Amino acid sequence: MTMPQTILITGAAGGVGGMLRHLLPAFGHRLRLADLVPVPNEPDALAFDLRDAGAVREAVRGVDAVVHLGGIALEDSFANILGANVEGTYHLYEAVREEGVRRVVFASSNHAVGFTPLEGRGLGGAGLIGTDILPRPDTYYGLSKVFGEGLAQLYADKYGVTTVSIRIGSCEPRPRTTRMLSTWLSPADCARLVHAALTAPVTGHTVVNGISANTRAWWDLAPARALGYEPQDDAEEFAAEVIAEHGELAPDGVDARLLGGDFTTVEPPR
Ligand code: NAI
Ligand code: 15L
């Protein structure tokens with residue numbers, strides 16, 4: 001694939017969108033920004049709801065690829081998840097198909113597989129978790145990411161749309177909790193991984209794990225590295241201060257037992 005020129009970022013006003021819109025231009029990408037809400041200091045950004053199929057189609061017209069971050073990023077009612085994440089992602093793929101856009105980078109999540117047992121993985125444990133595992137969503141939110149990955153596979157097989165789905169761990173400026181010493185994806189590594197996903201010479205649907213080169217990682221980064229991703233950061237740099245504040249993970253606590261941590265126990269509004 002030739003280098004994408006114009007990239008639509010949905011969810012550009014959000015936490016990850018805010019980082020990527022500052023970091024991706026350095027990789028040579030021109031950005032078209034979109035969100036439900038105004039994007040700070042970006043008067044040209046598009047404002048529309050992903051539930052509006054017509055607006056989504058207009059937004060993708062003429063772009064080379066889409067980085068799809070938009071939607072609800074935490075557990076919510078089934079109705080809200082259905083609208084923003086399920087219907088919204090469907091509208092995005094329909095627009096991509098109709099407008100002939102060849103590539104999508106889909107922000108999937110660890111919560112698509114959040115009930116995966118950790119069983120002492122990492123730090124000399126039973127081996128790292130790959131991407132060839134069955135879906136085990138821990139929330140309606142995680143279930144919407146399973147849907148998104150399924151939709152990506154369907155549109156790859158049926159219509160030739162290339163997608164890289166990144167199961168993001170915790171993408172924040174710095175790891176705030178002991179769990180995040182394992183799941184952290186630094187903003188700079190996020191940009192490196194999204195750039196690799198936008199430019200790697202792959203077709204079809206590829207699922208990768210998205211974390212930094214964390215000493216305490218539970219996840220296998222081989223699929224992401226195969227795209228050319230070379231992480232430069234390690235959450236361990238913050239370990240002393242994080243552990244001084246929060247302590248080590250309790251071995252019988254949910255953060256040490258299940259990949260999705262406390263999403264596995266959260267109840268949605270009904
Ligand atoms: P965020 O909540 O900060 O940003 C999401 C953006 O989507 C918001 O700006 C919001 O206005 C927009 N949005 C919500 N509903 C919309 C709708 N109906 N139409 C148009 N836009 C809508 O979330 P964050 O943290 O930036 O995450 C970005 C993406 O990455 C999300 O898809 C999230 O599920 C995924 N992700 C993030 C992780 C993280 O650690 N931040 C971890 C795993 C996945
Ligand atoms: C996610 O999928 C969420 O969007 C984000 O807010 C964090 O909770 C992250 O996962 C995580 O597991 O740390």
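**Entry 1**

I looked up Glu98 to begin with, and I noted it as partly exposed, with a relative accessible area of 38% (buried is under 20%, exposed is over 50% and partly exposed lies in between, with a 1.4 Å probe and protein chains only). The model is predicted, so I kept in mind that local features need pLDDT of at least 70 and side-chain atom pairs pLDDT 80 or more, while totals for chains, interfaces and linings use all residues, and that side-chain values use heavy atoms, without hydrogens and water. Residues are numbered from 1 along each chain as its sequence is written, and chains are lettered from A and ligands numbered from 1 in the order in which they are written.

The side chain of Glu98 meets that of Arg97 in a salt bridge, at 3.9 Å from N to O (the rule asks for a side-chain nitrogen of Lys or Arg within 4 Å of a carboxyl oxygen of Asp or Glu). Arg97 is also partly exposed, at 33% relative accessibility.

**Entry 2: other salt bridges**

I then turned to Arg216 and Glu248, whose side chains form a salt bridge at 3.1 Å, N to O. Arg216 is in the loop between strand S9 (205-210) and helix H7 (222-225), and Glu248 is in the loop between helix H8 (239-246) and helix H9 (254-257), so this pair ties together parts that are 32 residues apart in sequence (helices are DSSP runs of H or I with at least four residues and strands runs of E with at least two, numbered from the N terminus). Arg216 counts as buried at 15% relative accessibility, whereas Glu248 is exposed at 52%.

In the salt bridge of Glu267 with Arg270, I found the closest N and O atoms 2.7 Å apart; Glu267 is exposed at 58%, and Arg270 is exposed at 74%. I also noted one network, in which salt bridges that share partners join Arg57, Arg61, Glu94, Arg97, Glu98 and Glu99. The count for the model comes to 15 salt bridges.

**Entry 3: ligand 1**

Which residues come nearest to ligand 1? Of the 25 residues around it, they are Gly15, Val16, Asp35, Tyr141 and Cys171 (a residue is near if one of its heavy atoms lies within 4 Å).

I looked up polar contacts next (pairs of N or O atoms within 3.5 Å). A nitrogen atom of ligand 1 is 2.9 Å from an N or O atom in the side chain of Asp49, and a backbone N or O atom of Leu50 lies 2.9 Å from a nitrogen atom of ligand 1. On its own ligand 1 has 820 Å² of accessible area, of which the protein covers 83% (Shrake-Rupley method, 1.4 Å probe).

**Entry 4: ligand 2**

Around ligand 2 I listed several residues, among them Ala73, Leu74, His111, Tyr141 and Phe263. Taken alone, ligand 2 exposes 320 Å², and the protein buries 78% of that.

How values were computed: Polar contact = N/O pair within 3.5 Å; in protein donor to acceptor, adjacent residues only side chain to side chain.
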